[in-house]
Amino acid sequence: RTPTRAPSSEKASKRPEAFHAPRCGEAPDVPPFTLQQLAALCAVVRCGGFVRGARALGTSQPTATRAVKALEAAVGCPLFDASPSASLVDASATPNRRGRRPLRLTEAGKLLHEYSERILDLASESTAALHDLHHMETGRIRLGASQTTGTYLMPKLIGTFHREYPQVSVALEVDSTRRVCADVARGALDVAVVGGDVPRELESALVITPYAEDEFALIVSTSHPLAKKKRTIEKRELYDLDFVAPLECSTIATVQNRTLEFNRINTERLNIVLEFNSIEAIKSAVQFDLGVAFVSTLSIQKELRLGLLQRVHVKDLRLTRSLRVVTSKERFTSRAAKRFCREFLFRSNDKSWEDGLFDEEEIVEEIPRKSKEIKETSAELSRIEDLYKTTEAENVASLGEIEDILLGDSKPRGEKKS
């Protein structure tokens, strides 16, 4: 029999050593992988395949494959598993064009993928912070918004901001409140304005500031009997109307139903004939007289102005929800994003939202500018006061001359009579 040999020292040396955080005084260890390899893993998982992942990275499929293989060799375990018992990368993933089974991650792959996303987010955040340090007036703002605010409120604010700061690029992500808040918490977005409820599990990582109230209005077509006869109806009349509503599972439907129930409107008695997942679709259905609907007043300004829809008021009923500005407690926020908040979101509102968002250095930088404005204002007030005193003295002198003339003295004051 051939005796079993112990593994050679050369082969043993190829195994990846455990990475540990450096202690005080120690030189930091170098991780056994690169950012490019982590980026390849995340792109492949996100896109559901090596070809699409490579395309997202702007590289070739063999390059992406080599990067993932090198990452597997570096960590010493496989990251993908094609066996049916393994968990899906994404439950919604579908087979590719060749009918192959979607990629699946091993347990080690799922763990490393989670950390990879966090590492890449921090790398992107550090790059943005360095750029912001040297380019205060330029940069990029990443904004988020829920469906209604993203469609009808944010474009106006962004347009005004862009006219004043054309050198700053702005990206807007419109999604559900839950996803937008999650992106703010992990640093993928700088600021978001949402209309739904912020998830409780994210509240500790976010700064949530009330922004404004959004009102839901009852709208009908211009040919609807309510538009022709009267503008105000009783609450009980709502049960006789056909409603076009948002999908029951949507955030807007949840907020609307909760507000209606709070105002003692039984939502189960409302006759819902159509449901849509789009505010524009709901407005179009109402315009074609398919029913009535409650929609945000933000979304119907143009239609009311053009006379395409008619608003009907309900007696003793006002449906509102709170819009909120969401920022991260821990993540870096660029100066451009802070300026957007300060000058465009909260220009005339209470400034308490700034707590925790602006650092002491920025506040100190504002003091000389504010002091200069105060001095200029004081100088202007002094000039106006002097002008007022001079004008007042001249008026007094003129009144004295008029008085002398009326009394028969034609000589100006200050001259002796002959």
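**A nonpolar patch, a helix crossing and a salt bridge**

Helix α5 (residues 107-134) gives the most to the nonpolar patch, contributing three residues. This is a predicted model.

Next, look at a pair of helices. Two packed helices are described by the angle between their axes and the distance between the axes. Take helix α3 (residues 50-57) and helix α4 (residues 61-75). Their axes come within 8 Å and cross at roughly 100 degrees. Angles of 65 to 115 degrees count as roughly perpendicular, so α3 and α4 are roughly perpendicular to each other. On the α3 side, F50, V51 and A54 make the contact.

Charged pairs come last. Side chains of opposite charge can pair when their charged atoms come close. The structure holds 14 salt bridges. One of them joins D197 and R258, with the closest N and O atoms 2.9 Å apart. This pair links distant parts of the chain, 61 residues apart. D197 is in the loop between β3 (191-194) and β4 (206-221). R258 belongs to helix α10 (residues 251-262).

Methods
Residues are numbered from 1 along each chain as its sequence is written. This is a predicted model: local features need pLDDT of at least 70, side-chain atom pairs count only at pLDDT 80 or more; totals for chains, interfaces and linings use all residues. Side-chain values use heavy atoms; hydrogens and water are left out. Axes are lines fitted to C-alpha atoms, for helices over the stretch in contact, and angles run from 0 to 180 degrees between N-to-C directions. Helices (H or I, at least four residues) and strands (E, at least two) are DSSP runs, numbered from the N terminus. Angles under 35 degrees count as roughly parallel, over 145 as roughly antiparallel, 65 to 115 as roughly perpendicular and the rest as oblique. Contact means heavy atoms within 4.5 Å. A salt bridge is a side-chain nitrogen of Lys or Arg within 4 Å of a carboxyl oxygen of Asp or Glu.
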